Amino acid sequence: MSVTANKLPQELYLEQDIREIYLEMLNKNFKITLAHKDDVDEIDKLLMTYTKEEIILARSQEQIYADLPFTYVVKTFAKVIAVMNFSFFQPNLAEIRGLVIDQCFQRMAVGKRLLQFALTSLASRKEDIKKLKIDANELRLFALTYKPNFFVSCDFTICEKSEFPQKIYEVCQFCVKKDDCKEIAVERRIKFDEK
Ligand SMILES: CC(C)(COP(=O)(O)OP(=O)(O)OC[C@H]1O[C@@H](n2cnc3c(N)ncnc32)[C@H](O)[C@@H]1OP(=O)(O)O)[C@@H](O)C(=O)NCCC(=O)NCCS
């Protein structure tokens with residue numbers, strides 16, 4: 001363990017201990033679930049932090065509400081601390097949108113667990129996905145992101161933005177960075193559970 005100049009090893013050890021106790025306490029109280037209509041206000045607030053910073057696109061409460069069937073949240077002590085949703089494009093594309101973890105809970109594997117849960121859940125929802133006229137044999141999942149390393153740590157690979165059809169960029173017309181977009185495309189394929 002490296003020791004910073006102004007801290008005794010004992011203090012560092014204590015900090016590490018406290019962090020582990022804190023994480024354990026949180027772990028017991030983490031609940032990852034499909035979002036509910038009562039969560040819309042909290043989701044809105046959480047997304048707002050990053051829409052203000054122009055990291056994600058702004059979404060109206062109506063849109064958040066409409067996206068609920070494919071929105072997943074992490075709650076701890078009944079408070080929404082993380083959110084993400086899937087948006088679909090025919091024939092077999094799904095985009096991860098609005099993935100946001102409350103700043104206080106970042107780098108604690110919340111994002112990774114949320115994404116893993118959502119992917120597993122999605123793979124079991126073949127019938128729901130077919131209703132959207134999406135080819136539910138093999139889904140090509142992608143994200144446009146400033147945090148490619150996070151997605152790489154979740155088994156996504158970096159790919160060319162030009163590989164995707166123009167229609168996925170329709171929402172970009174509302175983005176202030178549309179003429180100088182530095183987002184990176186990442187993708188992963190998922191197969192559906194046979195039922
Ligand atoms: C990006 C974000 C979703 C990651 O969620 P998180 O819960 O903080 O990430 P995790 O703790 O699950 O990280 C898993 C791994 O991803 C990588 N990672 C996560 N955040 C990273 C960052 N900011 N920079 C580089 N790598 C990062 C690391 O390899 C990390 O493993 P490690 O902590 O053991 O090194 C979260 O930080 C966030 O909400 N950021 C602001 C909004 C945003 O940029 N959303 C993405 C829009 S597509």
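Two strands are taken to pair if DSSP finds at least two bridges between them, and helices (H or I, at least four residues) and strands (E, at least two) are DSSP runs numbered from the N terminus. This is a predicted model, in which local features need pLDDT of at least 70 and side-chain atom pairs count only at pLDDT 80 or more, whereas totals for chains, interfaces and linings use all residues. Residues are numbered from 1 along each chain as its sequence is written. The protein chain has six helices and seven strands, and from the N terminus on its elements follow the order α-β-α-α-β-β-β-α-α-β-α-β-β.

**Confidence and overall make-up**

- The mean pLDDT of the protein chain, where pLDDT is the predictor's confidence in each residue from 0 to 100, is 87, and 87% of the residues score at least 70.
- Where pLDDT is low, the predicted coordinates should not be read in detail.
- Of the 195 residues in the protein chain, 22% are buried; a residue is buried if 20 or more other C-beta atoms lie within 10 Å of its own, exposed if 12 or fewer, and partly exposed in between, with C-beta atoms placed from the backbone.

- Seven strands form an open sheet with mixed pairing, in the order β1-β2-β3-β4-β5-β7-β6.
- Strands β1 (30-34) and β6 stand at the edges with a single partner strand each, so one side of each is left without a neighbour in the sheet.
- From one strand to the next the twist averages 30°, where axes are lines fitted to C-alpha atoms, for helices over the stretch in contact, and angles run from 0 to 180 degrees between N-to-C directions.
- Helix α2 (residues 40-52) packs on the sheet and touches β2 (71-76), β3 (79-89) and β4, its direction making about 80° with that of β3.
- Helix α4 lies across β1, β2, β3, β4 and β7, and runs at about 45° to β3.

**Strand pairs and turns**

- Strands β2 and β3 run antiparallel and are joined by six bridges, with V83 in β3 as the bridge partner of V73.
- The hairpin of β2 and β3 has two residues between the strands, and F77 in the turn has a positive phi of about 50°.
- In the loop between β2 and β3 lies A78, which has a positive phi of about 70° although it is not a glycine; with 9 other C-beta atoms within 10 Å, A78 is exposed.
- Seven bridges connect β3 to β4 in the antiparallel sense, and F86 stands opposite I96 in β4.
- A hairpin through three residues joins β3 to β4; P91 is in the loop between these strands, and the peptide bond from Q90 to P91 is cis, with omega near 5°.
- Strands β5 and β7 (residues 184-191) run antiparallel and are joined by eight bridges, I184 in β7 being the bridge partner of T145.
- Strand β6 (residues 157-159) pairs with β7 in the antiparallel sense over three bridges; T157 stands opposite E187 in β7, and C159 stands opposite A185 in β7.

- A residue is near a molecule or strand if its C-beta atom, placed from the backbone, lies within 6 Å of it; of the 20 residues around the ligand, Q106, G111, K112, T145 and N149 come nearest.
- The elements that give two or more residues to this shell are β4 (93-101), α4 (110-123), β5 (138-145) and α6 (148-153).
- The shell around the ligand divides into twelve nonpolar, five polar and three charged residues, where Ala, Val, Leu, Ile, Met, Phe, Trp, Tyr, Cys and Pro count as nonpolar, Asp, Glu, Lys and Arg as charged, and the others, Gly among them, as polar.

**Helix α6 and F151**

- F151 is in helix α6 and counts as buried, with 25 C-beta neighbours inside 10 Å.
- Not counting residues up to four places away in sequence, F151 touches A143, T145, F156 and V186.
- F151 and A185 are 34 residues apart in sequence and 9.8 Å apart in space, C-alpha to C-alpha.

Methods. Contact = placed C-beta atoms within 7 Å.
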